[in-house]
Amino acid sequence: MKEEKKRKISSLSILAIAGVKSYQEKPNEQYMNEDQLEHFRKILKVWQADTQKEIDRSLINMQDEASNFPDPIDRASQEEEFSLELRTRDRERKLIKKIEKTLKKLEDGDFGYCDSCGIEIGIRRLEARPTADLCIDCKTIAEIREKQRAY
């Protein structure tokens, strides 16, 4: 239940970051029409810019905070903070690449369809995870297979 609540908050924050509301489909509307594509283009571009700002901000913070502490404990503490910051930056860098890949799919007309089976991923799933490239069924199967390989 808590995980479900976290997902709702994070997907809402993606929409909030982009300054958009959840897309309201019109009756008999074609899937991934120009309005829907523009909706996701805006979300992805704002998310990309916001993530890039975070990367730049963390780099500036690390440069500003870099000190040569004489005390080994203080030095170790700073190195640990930098290590955590670098891992975060690496995740953000990977996210930027995923967003760029998704924007390319959007421009090529492949956005919104499952890479595995080709069916529609769905507006709500894409709003929750704009970089999703598998429908919920294929994603579930992939996760089950991943768990089976772990044992």
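## Contacts along the chain

In this predicted model, 56% of the contacts with a separation of 6 or more are between residues 24 or more positions apart. For the chain as a whole, pLDDT averages 87, and 90% of the residues score at least 70.

## Overall form

The chain holds 5 helices and 0 strands, which gives the pattern α-α-α-α-α when read along the sequence. Its radius of gyration is 19 Å, whereas the globule rule gives 15 Å for 151 residues, so the chain is more spread out than a compact globule. A box of roughly 70 × 40 × 30 Å, taken along the principal axes, is filled by the C-alpha atoms.

Of the 151 residues, 29% are buried.

## Aromatic pairs

The structure has 2 aromatic pairs. One of them joins Tyr-31 and Tyr-113 in an edge-to-face arrangement, with 5.3 Å centre to centre and 85° between the planes. Tyr-31 sits in the loop between α1 (2–18) and α2, and Tyr-113 in the loop between α3 (72–108) and α4 (123–128); the pair therefore ties together parts that are 82 residues apart in sequence. Tyr-31 has a relative accessibility of 9% and counts as buried, while Tyr-113, at 28%, counts as partly exposed.

Phe-40 and Phe-111 also pair: their ring centres are 5.3 Å apart and their planes stand at 55°, so this pair is tilted. Phe-40 belongs to helix α2 and Phe-111 to the loop between α3 and α4, so the pair links distant parts of the chain, 71 residues apart. Phe-40 counts as buried because its relative accessibility is 0%, under the 20% cut-off. Phe-111 also counts as buried, with 3% relative accessibility.

## Thr-51 in helix α2

Helix α2 covers residues 34–65 and includes Thr-51. Thr-51 has a relative accessible area of 7%, so it is buried. Leaving aside residues up to four places away in sequence, Thr-51 touches Glu-92, Leu-95 and Ile-96.

Terms used:
Residues are numbered from 1 along each chain as its sequence is written. This is a predicted model: local features need pLDDT of at least 70, side-chain atom pairs count only at pLDDT 80 or more; totals for chains, interfaces and linings use all residues. Side-chain values use heavy atoms; hydrogens and water are left out. Helices (H or I, at least four residues) and strands (E, at least two) are DSSP runs, numbered from the N terminus. Buried means under 20% relative accessible area, exposed over 50%, partly exposed in between (1.4 Å probe, protein chains only). Contact means heavy atoms within 4.5 Å. Rings of Phe, Tyr and Trp (its six-membered ring) pair if their centres lie within 6.5 Å; planes under 30 degrees apart count as stacked, over 60 as edge-to-face and the rest as tilted. pLDDT is the predictor's confidence in each residue, from 0 to 100. The radius of gyration is taken over C-alpha atoms; the globule rule is 2.2 Å times the number of residues to the power 0.38.
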